[in-house]
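Here is a short tour of the fold, meant to be read with the model open beside it.

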Amino acid sequence: MVETKSAQAKKQFYADGHTLPKCVNDGCTKDVVVREWKNWSIKSECTSCIDCRKNKKYTIQNNKKIIKKGSKRSIINDIIIHKKDFCENFNSHLGFKCPVNKEEWSNFAESLDLDHLDGDHMNNFPINVKTYCKLCHNRKSKQTGDWNSNKPSRRKID
Ligand SMILES: [Zn+2]
Ligand SMILES: [Zn+2]
């Protein structure tokens with residue numbers, strides 16, 4: 001039987017000595033979820049955290065979204081959700097201005113992504129993971145050539 005490209009890529013990932021980074025959320029000890037093995041495309045959060053965040057299974061304390069221990073069987077610690085409700089480029093730190101006001105994001109939360117500041121998906125430390133809107137994210141990727149510096153996914157698999 002011929003292995004799928006995805007299975008080959010997965011094998012190669014581990015053969016090259018990589019391990020999946022941990023979920024970016026403070027208090028969570030799980031591995032991030034893989035979006036697509038073929039390009040070594042990985043997310044910043046684990047499946048449980050994504051599920052809790054998307055389905056609003058959290059409580060808000062001091063402006064932080066906390067996933068309470070036991071709110072999902074697989075969650076054993078209180079977890080603080082890292083993703084923000086606004087584009088973190090509101091202060092133009094990417095070198096250009098976010099076209100949307102910080103206050104307006106509540107109506108467009110689905111247009112906010114988690115992005116790795118340095119373009120390296122394996123570098124999943126909270127300080128390197130930012131919430132950017134799709135507009136800022138695209139522009140940043142173009143300017144910094146994220147796709148070129150994204151080492152793992154640059155491997156030629158085809
Ligand atoms: Zn998690
Ligand atoms: Zn933005």
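## Fold and domains

The protein contains four helices and seven strands. Starting at the N terminus, its elements follow the order α-β-β-α-β-β-β-β-β-α-α. With a radius of gyration of 17 Å, close to the 15 Å that the globule rule gives for 158 residues, the protein is as compact as a globular protein of that length. Please keep in mind that this is a predicted model.

How much of the protein counts as buried? Of its 158 residues, 25% do. Turning to contacts with a separation of 6 or more, 48% of them are accounted for by residues 24 or more positions apart.

Now to the domains. The protein is divided in two, with domain 1 covering 1-83 and domain 2 covering 84-151.

| Domain | Residues in the contact |
|---|---|
| Domain 1 | 10 residues |
| Domain 2 | eight residues |

What kinds of residues make up the side of domain 1 that touches domain 2? That side has four nonpolar, three polar and three charged residues. As for the spacing of the two parts, the C-alpha centres of domain 1 and domain 2 are 19 Å apart.

Notes. Residues numbered from 1 in each chain as written. Chains lettered and ligands numbered in written order. Predicted model: local features only at pLDDT ≥ 70, side-chain atom pairs only at ≥ 80, totals over all residues. Domains from an automatic or database assignment. Contact = placed C-beta atoms within 7 Å. Nonpolar A, V, L, I, M, F, W, Y, C, P; charged D, E, K, R; others polar. Helix = DSSP H or I, 4+ residues; strand = E, 2+ residues; numbered from the N terminus. Rg over C-alpha atoms; globule rule 2.2 N^0.38 Å. Buried ≥ 20, exposed ≤ 12 C-beta atoms within 10 Å, placed from the backbone.
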